[in-house]
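Hi,

Here is the structure I promised to hand over. Have a look at it first, and then read on for my notes.

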Amino acid sequence: MSQVKPFKIDIPQARIDRLKQKLAAADLPPEIEGSGWEYGAPLADVKRLAKYWQEEFDWRKAEAELNKLPQFTTRIELEGYDPIDLHFVHAKSPNPNAIPLLFCHGWPGSFDEVEKMLPLLLDGGKDHPSFDVVAPSMPNYGFSSRVHQPAFGALKTAETFQKLMVDVLGYPEYVTQGGDIGYMVTRYMGYLYPQNCKASHYNFPIPTEPTDENFPEVAKEYRETKSEADVEGFKRTEWFNNEGRGYAGEHSTKPQTLGYSLTDSPVGLLAWIYEKLHDWTDSYPWTDYEVCKWISIYWFSTPGPLATLWVYYDSKHTSDEKRSEVVSGYLKDVKIGVSKFPKELYVFPASWNKTLGDLVLNKVHKEGGHFAAFEKPELLANDLREMYSKSGGAYGVVKGKTGYA
C-alpha cells in the first residue's frame, strides 16, 4: 500500500515576490468603450483585481486558511505513466459509520471548493448522514504532480482516484460527487468500478435527450411537464454553446499555445479564469479576496497553469469507444443523484436525468450556478444528505456505512 504523507502548502517567498513583480510590470490592453462583459472580462475589473492582487492580497493568510484542511499526498502508479504524487484532502467524520465520499472538482476549480460543505457533511449528528470526505487535486492540478506522458484524460483520472479510494485509503466501497470535469471522472468511476463506486451525485449532468424510440416513458413525461424553466434552461445552454465555450475549443486543440500566456502573465491567468467566475455563477457576490485566492491556487500550483488544460486535449484525442456511453449512457449498477442549478452551463429538463441511470434523487433549485459547492454549499450538502438519508434512495448503499451513528 502506498504511503500517505501529511502535506502543508508552503510557497517560497521568492515566488510570491516574483508574482508581485510581474503584476507591477503588466501591460494592459484597450477595450471597446461601453462593451461591458460582451467582449470578455472588462478592463476596469481586471485592472482593479490586478492592483489588489499585487498590493493588498495576502497569500500567507490564504495559505493558512487552506492549511486548516487536512491535506495529504500519496504516490499512485498507473501502467505507462511516471508515478503521480497525488495531493488530497481527507476530512474524516467522528462517526465511525460515515460514508466515504470522493469529491471531484473541474476546471477552473480546485480541491478548495469542498471547504464550505465540510461542516455540513462531516457530522450530521442524529438527523443526517455523515461522510468521510476525500477531495483530491486532479493530476496536473493544485498540489498534485504533473503527468509527463500524453493521453491522461478523464478516464485515467478515474483510474487514479479508484486506486486512491480503494488501494490507498482502504475504502472497498465509496460514493462520489462531481461537476464539470468531475462529472466525467465520476461517471467513468461508476462505469468501470461499480463494485466499488456504489452511487454518484452530479451537479453538471449531461443526459441523453429522450425520444419515443429510446426512453419513451421519459419522453412522454417531458412532453406533459414541459415548463418555462425548461425553456430558460435551453436558452442558457444555447448561450453557452454560442458565446461561452470558446475556451474549451482552445484547451482541447492547442493548449500549449495558450499555456505560454497563462504561465508567464498573472494578469492573463486572472482574466482567463475571472471571466468564468463571473459568467458561470448566479450573480455570486465575489470579493476581490476570494477571486485572488482562487486564482492564486492556479498560479502557485505544483504543475503550473498550463497543465490544467491538458485533460481537455487528452480526453478529446484519446481513443475510447465507450466515451459517449459513459458520459450520457444509462449506468444501471450505480445509484444516481442530480442537483439542477439554473445558471449551470448545460441546463436540460430535470426529467431527462432519468436517462443517466438508476435515478434516486432529482432536485431542482431556483438559484445557483456552475460552482455549486462554493456558491450554494448548503443546497448541495443538503441534497447529498437527502440522497443518503434513511428515507433516501441511496440509503445503505455502502456496506456497513450508513452514515448514522
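At which residues does UniProt place the feature "active site"? The unreviewed entry puts it at Asp 180, Tyr 313 and His 370; UniProt positions are given in the numbering used here, feature names are shortened, and annotations may be inferred rather than shown by experiment. From this set, Asp 180 and His 370 are taken in by the lining of the largest cavity. A cavity here is a set of points, on a 1 Å grid over the protein atoms alone, where a 1.4 Å probe fits but cannot get out, and lining residues have an atom within 4 Å of a point.

Before you go further, please keep in mind that this is a predicted model, where local features need pLDDT of at least 70, side-chain atom pairs count only at pLDDT 80 or more, and totals for chains, interfaces and linings use all residues. Residues are numbered from 1 along each chain as its sequence is written, and side-chain values use heavy atoms, with hydrogens and water left out.

Now for His 370. You'll find it in the loop between strand S9 (357-364) and helix H15 (372-375); helices (H or I, at least four residues) and strands (E, at least two) are DSSP runs, numbered from the N terminus. With a relative accessible area of 4%, His 370 is buried (buried means under 20%, exposed over 50%, partly exposed in between, with a 1.4 Å probe and protein chains only). Leaving aside neighbours within four places in sequence, its contacts (heavy atoms within 4.5 Å) include Asp 180, Trp 107 and Trp 280.

Tyr 313 sits in helix H13 (residues 310-317). Its relative accessibility is 31%, so Tyr 313 counts as partly exposed. Beyond the neighbours within four places in sequence, Tyr 313 touches His 251, Ser 252, Thr 253 and Pro 255.

Next, Thr 186, which belongs to helix H6 (residues 181-192). Thr 186 counts as buried because its relative accessibility is 0%. A polar atom of its side chain lies 2.7 Å from the backbone oxygen of Gly 182. Outside the four-place neighbourhood in sequence, Thr 186 is in contact with residues including Leu 102, Cys 104 and Tyr 202.

Last, helix H2 (residues 43-55). In H2, Asp 45, Val 46, Leu 49, Ala 50, Tyr 52 and Trp 53 are buried. They cover an arc of only 165 degrees around the axis (taken from the directions from the helix axis to the C-beta atoms), so they are on the same side of H2. Helices H1 (13-24), H11 (266-279) and H12 (288-299) are among what covers them.

Cheers

Methods. Polar contact = N/O pair within 3.5 Å; in protein donor to acceptor, adjacent residues only side chain to side chain. 1 Å grid on protein atoms, 1.4 Å probe; cavity = no way out; pocket = protein on both sides within 12 Å on 5 of 7 lines; lining within 4 Å.
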